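Subject: Structure handover

Hello,

Here is the structure you are taking over. Please open it beside this message and follow along.

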Amino acid sequence: MHNLLFSALAFSIGANAYVPGAAGWDAAYSKAQAALLKLNQTEKVGIATGIGWAKGPCVGNTYPASSIDYSSLCTQDSPLGVRFANPVTAFPAGINAGATWDRSLLYARGATIGKEAKGLGVHVQLGPSAGPLGKNPDGGRNWEGFSVDPYLSGVAMEETIQGMQDSGVQACAKHWLGNEQEWNRDMITSNIGDRATHELYIWPFMNAVRANVASVMCSYHKLNETWACESDAVLNDLLKEEMGFPGYVMSDWTAQHTGVNSALAGLDMTMPGSDLNTPPGSIFWGPHLVEAVANGSVSQARLDDMATRILAAWYLLEQDKGYPEVSFNSWNGGKATVNVTEDHATVARTVARDSIVLLKNQKHALPLQKPKSLAIIGQDAIVNPDGPNACADRGCNTGTLAMGWGSGTSEFPYLVGALDAIQLQAKKDGTKIIESTTDSTTAAASAAAAAETAVVFITADAGESYIVVEGHAGDRNHLDPWHNRNELVKSVAAVNKNVIVVVHSVGPIILETILAQPAVKAIVWAGLPGQESGNTLVDVLYGSTSPSGKLPYTIAKQASDYGAGWTSALVDNFVEDLFIDYRHFDKNDIAPRYDISATAGASNGRIVPGGPEELFRSVGRVSVTVRNTGNVAGAEVAQLYLGLPDSAPSTPPKQLRGFQKLNILLGQPGIATFELTRRDLSYWDIQTNKWVVPSGTFTVYVGSSSRDIRKQGEFTVTQ
């Protein structure tokens, strides 16, 4: 719908910029340490201990401390809105937010989610998510995160956290670390090499810590054979020391396995404080932690550190000053006594609209120009007849797909289906609508044969493993469209020569059968758009907005091309190493169907939130001119990839290291500028256990995606 020309690549290497330190933490720690002196042992332990499942209004609740007027902390899901409360805004999923490649929208989405959470009295919003990163394309919870690329995911984490915490709610970065599948998630061990750990899996968490995230949630599985929530190497050494994390670590729900060991390893808060069975089962802290400190199994200093970290986060967000009371109860329908939604539907609609990706458009199939007749085909075109919230935690695939299933969901205040929104536009245009809103191929063919253009809706769903949907135990069993919708498209394409396919999916799906149909002229990826689903689709289908989303992952021609997937074994050795998604395709010279649109200075040894201070110094800048040569105004995401010198061992050919979304008027130029930091130029050296900038020639690639490079250049670094 618009064409863009990249030109005038320019470099400026050697610039330095001021790097902020631990903004606000010093003052928060001073207050926390003063408050600690007023607490008795039971209160200190209570600050770190959940009161038990379903024993308070939120999914997680701590004990209050009356000595300092410290209320019970309310911790509540989810990454796309407030779970178990209504009314709230059901925002687009993280994967859609990532597909916008728009820092301002990532921030705005985080800020509005945070504002609603605070308005409801939630102290800790359990998100955003960078784990799973998404190495397995069939991973059940990939949609909660932003992208399989660590750079894009890191930027999204940083912007989202800043938005949430600027609104006054504590953010919680999850799931730490290497939590890449749902099947056997509470038994499997993720064995990850040191370099891949640093360059892929902790990368977005470095951004989170850099953004002063209040808390980090450790995950269910084992990491290198040790439970993630009681790994001294992962919690103390990696997160708190190497990355300089000043906040607190909370467990995922029942991810704690021992009392003393988890305390010594660096866990600071246990959630929900008991297991989820009725009556409650194992309780590891509470009075048991008081006893452990009394007998010397856990030091007084460690208990004080737990309480101080949690209190510091509370003071950092100024939650000690007139914070709202919890205004809902998760266990009785969640009806809130306040309405916090305001005009947040506008943000939800903008994010969903700007995340839509146009994968194919031939013979000007889009935008639609007042067609005489339009067939709307597939169950995904309508809202579940029983209501959008009919299935608990969205655990079914009936009606249109607007979010995955599991704890990462919220209640829809409403859900606009595609058919409803298209009908409103059709009425204005005088277009006849012919409906076939089941997945019957016979009915679909009949409707399509009677229409000028046919729009077919297909889905692929996934979620959390405590719910099994149509045989999928969280992770997907395949990468094909659900409900045999390849055949649905084929039946339509056999009788109509102008077919548009709309994809609502949690992640990549294999499109080869659909692309093999000559009648399929356009394919639109709409992801998981949230409550404004149909409205945003109409914005793009009818051309009031030019589609500007870019894929946050690669779509392959066949599932085996990824070289990764969830395993039924109890050990995942992460044999993919650094080579996941587009890195794997580049290394092995595999052609994707659609790809992810995804002097160095000396060390001073100082650790700031996120890691060594020098990693975040600006060492140079790259700029490129982008011109709109099409016939309408539009937006483009200019993307910068770096190829490291040959002196860097076994490195992907190119890796995302910058992006900027530009809105460009017809015939006008725009300039994208990318700041490069020392971290962007570095790899993790497993011999010295340090980030190293390799000597030699770096290749800079700038374009529209990792496979659509428009400009290329080089610069040299000498040590």
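Is the crossing in which α1 passes α11 left-handed or right-handed? The crossing of α1 past α11 is right-handed. Before going further, please note that this is a predicted model.

Helix pair

Helix α1 covers residues 25-36, and helix α11 covers residues 300-316. Their axes come within 8 Å and cross at roughly 125 degrees. Since angles of 65 to 115 degrees count as roughly perpendicular and those over 145 as roughly antiparallel, α1 is oblique to α11. On the α1 side, the residues that meet α11 are Trp25, Ala28, Tyr29, Lys31, Ala32, Gln33, Ala35 and Leu36. On the α11 side they meet Asp304, Ala307, Thr308, Arg309, Leu311, Ala312, Ala313, Tyr315 and Leu316.

Disulfides

How many disulfides does the model contain? The count comes to three. With bonded cysteines counted along the chain, the pattern is 1-2, 3-4, 5-6.

One of the disulfides joins Cys58 to Cys74, with an S to S distance of 2.0 Å. The angle about its S-S bond is -100 degrees, and the link of Cys58 and Cys74 is left-handed. Cys58 sits in the loop between α2 (41-48) and β2 (60-61), while Cys74 belongs to strand β3 (residues 74-76), so this pair ties together parts that are 16 residues apart in sequence. Cys58 has a relative accessibility of 0% and therefore counts as buried. Cys74, at 1% relative accessibility, is buried too.

Another disulfide links Cys218 and Cys229, with an S to S distance of 2.1 Å. Here the angle about the S-S bond is 110 degrees, and the link of Cys218 and Cys229 is right-handed. Cys218 lies in strand β7 (residues 215-218), and Cys229 lies in the loop between β9 (226-227) and α8 (232-242); the two are 11 residues apart. Cys218 counts as buried because its relative accessibility is 0%. For Cys229 the relative accessibility is 0%, so Cys229 counts as buried.

Cys391 and Cys396 also form a disulfide, with their sulfur atoms 2.0 Å apart. Why is the disulfide of Cys391 and Cys396 right-handed? The torsion about its S-S bond is about 90 degrees, so it takes that hand. Both Cys391 and Cys396 are buried.

What about Cys172, and which cysteine sulfur is nearest to it? Cys172 is in no disulfide, and the nearest cysteine sulfur is that of Cys218, 9.1 Å away. Cys172 is buried, with a relative accessible area of 0%.

A glutamine in a strand

The last item is Gln639, which is found in strand β21 (residues 634-643). Is Gln639 buried or exposed? Gln639 has a relative accessible area of 0%, so it is buried. What does the side chain of Gln639 reach? That side chain reaches the backbone oxygen of Ser704, at 2.7 Å.

In your own viewer, α1 and α11 can be found at residues 25-36 and 300-316. The disulfides can be found at Cys58 and Cys74, at Cys218 and Cys229, and at Cys391 and Cys396.

Regards

Notes. Residues numbered from 1 in each chain as written. Predicted model: local features only at pLDDT ≥ 70, side-chain atom pairs only at ≥ 80, totals over all residues. Heavy atoms only, no water. Helix = DSSP H or I, 4+ residues; strand = E, 2+ residues; numbered from the N terminus. Buried < 20%, exposed > 50% of the residue type's maximum accessible area, 1.4 Å probe, protein only. Polar contact = N/O pair within 3.5 Å; in protein donor to acceptor, adjacent residues only side chain to side chain. Disulfide = S-S within 2.5 Å. Axes fitted to C-alpha atoms, helices over the stretch in contact; angles between N-to-C directions. Parallel < 35°, antiparallel > 145°, perpendicular 65-115°, else oblique. Left-handed = near helix turned anticlockwise from the far one by under 90°. Contact = heavy atoms within 4.5 Å.
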